[in-house]
Amino acid sequence: MRVLGIDTSGYANAIGVVDGERVLADFVLETRNESLSRIMLNVDSVLKENGLSIEDIEGFGVGLGPGSWTGIRIGVTVGKMLAYCTGKSIKGISTLEVLAYRARDLQKLVCAIIDAGAGETIYAAFYRFRNNEMHQENDYYVGDIPGLAGLIKEPIVLVADEAPKYRDMILDYMQSNTIEVLQSTPSGAVVALLAAAHLESGERDDTLALAPLYLKESTARAFVNKYKQRAQAAQQG
Amino acid sequence: MLVLGIETSCDETSAALVADGRTVLSNIIATQLELHRKYGGVVPEIAARRHTELIGYVINEALDVGGKTLRDVEAIAVTAKQGLVGSLLVGVAAAKTLSYVLRVPLIGVHHIEGHIFANMLSNPELPLPHVCLTVSGGHTLLVHVQDHCRYELLGGTVDDAAGEAFDKIAKFFDLGFPGGPAIDRLATQGNRKAFHFPRPLLKAKTNYFSFSGLKTAVINAFKHQLAGGEALPLEDIAASFQEAVVDVLVAKTIHAAKERRVSAVGVTGGVSANRRLREVFSEACSAEGINVYFPALSLCTDNAAMIAAAGHARLARGQADDMSLDVIPNVPLEVQHAG
């Protein structure tokens, strides 16, 4: 199945095309705040360079984040409208899983980390590869480095953009030298590969309902919820 | 020509089908009011998230209700200028994708130009040139509409938008959100002459508005009673405050119309749904021999039909955008559309 994958959760347009397990294109363009103005031009050039048109694409994959909230919305909106307009199916993939995919051959627990952009906060998830398939262990983690260090009980491969920086930060909080590092950034081809595997086995998302994986609520909502909890606690106390 | 319009500049996710710039086949508006009510205003991040969830459904419904399919769409118009950046980009990302796959022209529209077209969509007989007052929670703007897509910016607010003043007063007295409809309702049971609030810049021979001082004056007049827990004559306050805002809006618009020697004025935007505003405008304009036009209520607040109509007019003039179209959260109408 020929699948187009898009991830805009970081500061780049990551766009790739695969045919089943074969990568046809894997394109990463730093965009910073030009993600929206570049995205369709980049999709178009990736397709054209491979002699393809959008009608040749049989399914879509899109990186759901976590990452830049504004960034993810561009990719998710473009992905779902591509699927809607062409009538093809789509599968959303966690960007943490996309990062972890790079460590699939290392036979170790993989910890993928993405900067949550607010000081020392990070998004993280643990993955284990069994029978050539990725399995997420536990829920997503949103918090600080010491909290994440407390969750690490065995040798891991740490995958992230700036992976060595995170290893050093984690090692400040735990006595261990069993952290291997692997640099990894979002890849459109990996999004497409993972999506293709799902789509080929008939697993697809509801196109119109597809939504980003934010993992954190907006500041305003967090504030109101905190206020509510305090009010409830005061009532009970 | 069948144009699909998309509008996501603030807190309404909207898509519409408009044929030949005149006939509204569908105009779907998913409002997020309930989502923002508890915050007393629109929260940009919450709005942007909701747009992303709703955009596909709203476009799909616009096609369904209009009895058309994607293949019938001949152009895409989208609000790309003026609004919340995170909200705007959801609409523009969707519009670009549609334009790319369907291979139809794309046009980015200025939100205020959409409001100007809302009035022409509702009232095809609205003459050109005319003076248009766009008044909403985010805007208070006087524009000399010389021709389709030819504008002269006459003036606007130097501080709060009129609708913003409604929202802030409503929030202070806990009357509900959005403030405009809440005050409009309450005011019908109040005495508009109970209190005399200032009419800022009413007599000044300029086309500029200021509502910040009026808002402060109203709040200061009742601060002590409210702090002391006294019951307030909320109906009278609402009616008197509304009267002050309406007086200024009407007087300034008529002043601008006379200055530009036009015989017609249009009033658009969310606040143009206000009943007292319509009443006073009609009386004052008729006394001056000026015709006044308002959009249908469904076209007063943010909607995609007006964006489709404006986009149609721009396309008819040979204008279109390419795939590099980006959002511009804050840009004056005149700079974009002069000449």
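A residue is called buried here if 20 or more other C-beta atoms lie within 10 Å of its own, exposed if 12 or fewer do, and partly exposed in between, with C-beta atoms placed from the backbone. B:R22 counts as exposed because it has 11 C-beta neighbours inside 10 Å. This is a predicted model, in which local features need pLDDT of at least 70 and side-chain atom pairs count only at pLDDT 80 or more, while totals for chains, interfaces and linings use all residues. Residues are numbered from 1 along each chain as its sequence is written, and chains are lettered from A and ligands numbered from 1 in the order in which they are written.

B:R22 sits in the loop between strand 2 (12–19) and strand 3 (23–31) of chain B. Helices (H or I, at least four residues) and strands (E, at least two) are DSSP runs, numbered from the N terminus.

Turning to the strands of chain A, two strands are said to pair if DSSP finds at least two bridges between them. Strand 2 (residues 12–19) and strand 3 (residues 22–30) of chain A do this in the antiparallel sense, through eight bridges. The hairpin made by strand 2 and strand 3 of chain A has two residues between the strands, and A:G20 in it takes a positive phi near 65 degrees.

Further along chain A, strand 6 (residues 109–115) pairs antiparallel with strand 7 (residues 122–130) over six bridges, and A:C111 has A:F126 of strand 7 as its bridge partner. Strand 7 of chain A is also joined by eight bridges to strand 8 (residues 133–143) of chain A, again running antiparallel. There, A:Y123 stands opposite A:V142 of strand 8. Two residues separate the strands in the hairpin of strand 7 and strand 8 of chain A, where A:N131 has a positive phi near 50 degrees.

Most residues other than glycine have a negative phi, and most peptide bonds are trans. A:E162 is not a glycine, yet its phi is positive at about 65 degrees. A:E162 is placed in the loop between strand 9 (156–160) and helix 5 (163–171) of chain A, and it counts as partly exposed because it has 13 C-beta neighbours inside 10 Å. In chain B, B:Q82 is not a glycine either and has a positive phi of about 75 degrees. Its loop lies between strand 4 (75–81) and helix 3 (85–102) of chain B. B:Q82 counts as buried, because 24 C-beta neighbours fall inside 10 Å.

Chain B also has cis peptide bonds. The one from B:L128 to B:P129 has omega near -5 degrees, and B:P129 belongs to the loop between helix 4 (111–122) and strand 6 (130–135) of chain B. The bond from B:F177 to B:P178 is cis too, with omega near -5 degrees; B:P178 is in the loop between helix 5 and helix 6 of chain B.

Those helices bring up packing. Axes are lines fitted to C-alpha atoms, for helices over the stretch in contact, and angles run from 0 to 180 degrees between N-to-C directions. Helix 5 (residues 162–172) and helix 6 (residues 179–187) of chain B pack at about 70 degrees, with their axes 7 Å apart. That angle makes helix 5 of chain B roughly perpendicular to helix 6 of chain B (65 to 115 degrees; under 35 is roughly parallel, over 145 roughly antiparallel, and the rest oblique).

Helix 5 of chain B also approaches helix 7 (residues 212–227) of chain B, their axes coming within 10 Å and crossing at roughly 15 degrees. Helix 5 and helix 7 of chain B are therefore roughly parallel to each other. Contact means that the C-beta atoms of two residues, placed from the backbone, lie within 7 Å. On the helix 5 side of chain B, B:A165, B:K168, B:I169 and B:F172 meet B:L214, B:K215, B:V218 and B:I219 of helix 7.

Between the chains, 28 residues of chain A are in contact with 30 residues of chain B. Helix 2 of chain A gives the largest share of the chain A side, 13 residues.
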